[in-house]
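Subject: Structure for your review

Dear colleague,

Please find below the structure that I am handing over to you. My notes on it follow.

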Amino acid sequence: TMVEPNKTSFFLLWFGQFISLIGTDITKFGLRVWTYQKYGSITQFALITFFTEAPGILISPLAGAFADRYDRKKVMIIADGITALASACLYFLALGDNLELWHIYIANTMASMMNAFQWPAFISSVTLLVPKEELTKYGGMNQAAPALSMLFAPAIAGVLLKAIGLNGLFIVELTTFLIAFAIASNTSIPRPEVDSSQQTSIMQEIQTAWSWMVQHRGLVALLGLLANGHLSSGMVQILMTPLILTFGDVGTLGNVLSASGTGAIFGSMILTKVKFRRNIDGVLYGVMIQGFFLTLCGISPGANLILAVAFFYMFIIPTVRVSREAIWQRKVPPAMQGRVFALQRMISETSLPIAAIIAGPVADSVENAMLDGGMLSPILGSLIGVGKGRGVALMFILLGSWNMLIGILGMRYPPLANVERDIPDAVQSNKKRVR
């Protein structure tokens, strides 16, 4: 049958997932505070983040294949249900004062794996729910959700943690899960037409999606840009704190984080009103603008400048992400989008732990080289200064320059610059064939 895109279903689904995200982030905050207060170990604290991210990355390809093979609505509902069950188990353990760290690790592992199933099912459903001409607009809403949660969830969690304690946070999260479950259960989500006669094993389906991706050089280059973006963002997250603390205090750091969240929200809101003639321009120009701000951040650090850089750097991120996402949504066949988006996620998010591994040692080496009497201080000292923090500043300059170069090279690489022209749209009109 043929159906029109259903914007109402998108708004309902988006709202349910946003409410659920707020609840999850509130509980994450509470669990991190509980862990640090009880154990006082930064390593134990960091492991919570590890178990929140790593398991989902590892199973992303399998999860994407499930999103393509099975009813995406059911995939989202089951994934949210299992995550809610894991949170309920933590609630009852905490209620009996039996909560241990390893319980949190297991629950976070389950939540990470279920998010790996939920995300490709949701994002590939968006292609079927909104007109292809408005993918950027609605993609802005998808970017706004985590930005709003990043800005408000910690503040809400801090107030609630004092008022109702950790057990109360679990109740809040479980309530948001019930809201998301009720909305998803009553929302119509179309399914792309799949030729069941050609259905193969899960592993073969993953291989098919990979083969489809790599035969398009423009999309491979776009995937490389995605990985570079995550690597850069990961290094910025790690290096920003030591850079700020060389001239500011914890209050300055908090202001910068607030400016970042505000920038991401405004950037997402602008996308609901702005439409690019070519989405690839939003990607490449966005990468170059981000690079410029990073370079500026290293050349002339100061509280006011860093606040402005944080705002505008995060303001540009939604443009880059949504423009890139719109290209994939228009070019990838709807029946394959779950697998392709999951493979994307695995490759791109692997860049984050790589950034964590290399940023520290490299920054320490460069920092020592930029101290008075260091190896690089006679060469670069007259340009950016010497002393504490100048090595980190140099890292920002190099990282920014690299991103500007990547953007320029992307414009000079025809398969990437012309990706929207050379690869036909898989979604040809506002009408989608579903079953």
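Which residues touch the most other members of the largest nonpolar core? They are Phe 10, Leu 99 and Ile 104, in a core of 45 residues. A nonpolar core here is a set of buried Ala, Val, Leu, Ile, Met, Phe, Trp, Tyr and Cys residues joined through side-chain atoms within 4.5 Å; buried means under 20% relative accessible area, exposed over 50%, and partly exposed in between, with a 1.4 Å probe and protein chains only.

Please note that this is a predicted model, in which local features need pLDDT of at least 70 and side-chain atom pairs count only at pLDDT 80 or more, while totals for chains, interfaces and linings use all residues. Residues are numbered from 1 along each chain as its sequence is written, and side-chain values use heavy atoms, with hydrogens and water left out.

**The nonpolar cores**

Helices are DSSP runs (H or I, at least four residues), numbered from the N terminus. The largest share of this core, 11 residues, is supplied by α5. Apart from residues up to four places away in sequence, Leu 99 touches Leu 31, Trp 34, Lys 38, Leu 90, Leu 93, Ala 94, Ile 104 and Leu 166; contact means heavy atoms within 4.5 Å. A second, separate core has 34 residues, among them Leu 243, Val 256, Ala 264 and Phe 396.

**Two helix pairs**

The axes of α8 (residues 217-245) and α15 (residues 390-412) come within 10 Å and cross at roughly 160 degrees. Axes are lines fitted to C-alpha atoms, for helices over the stretch in contact, and angles run from 0 to 180 degrees between N-to-C directions. The two helices α8 and α15 are therefore roughly antiparallel, a term that applies to angles over 145 degrees. The contact involves residues of α8 including Leu 225, Met 235 and Leu 243, and residues of α15 including Phe 396, Trp 402 and Ile 406. By class, this contact of α8 with α15 has 13 nonpolar, 3 polar and no charged residues. For these classes, Ala, Val, Leu, Ile, Met, Phe, Trp, Tyr, Cys and Pro count as nonpolar, Asp, Glu, Lys and Arg as charged, and the others, Gly among them, as polar.

The axes of α3 and α12 (residues 337-349) come within 7 Å, crossing at roughly 165 degrees, and these helices are therefore also roughly antiparallel. On the α3 side the contact includes Pro 61, Gly 64 and Asp 68, and on the α12 side Arg 339, Leu 343 and Met 346. The contact of α3 with α12 divides into 6 nonpolar, 4 polar and 3 charged residues.

**Individual residues**

Leu 284 lies in α10 (residues 279-299) and is buried, at 1% relative accessible area. Beyond neighbours within four places in sequence, Leu 284 contacts Leu 225, Gly 407, Gly 410, Met 411 and Leu 416.

Gly 387 sits in the loop between α14 (377-384) and α15 and is buried, with a relative accessible area of 17%. Gly 387 and Asp 372 are 15 residues apart in sequence, with 5.8 Å between their C-alpha atoms.

Asp 97 is placed in the loop between α4 and α5 and is exposed, at 70% relative accessibility. Asp 97 has a positive phi of about 55 degrees, although it is not a glycine. Most residues other than glycine have a negative phi.

Yours sincerely

Definitions and conventions
Angles under 35 degrees count as roughly parallel, over 145 as roughly antiparallel, 65 to 115 as roughly perpendicular and the rest as oblique.
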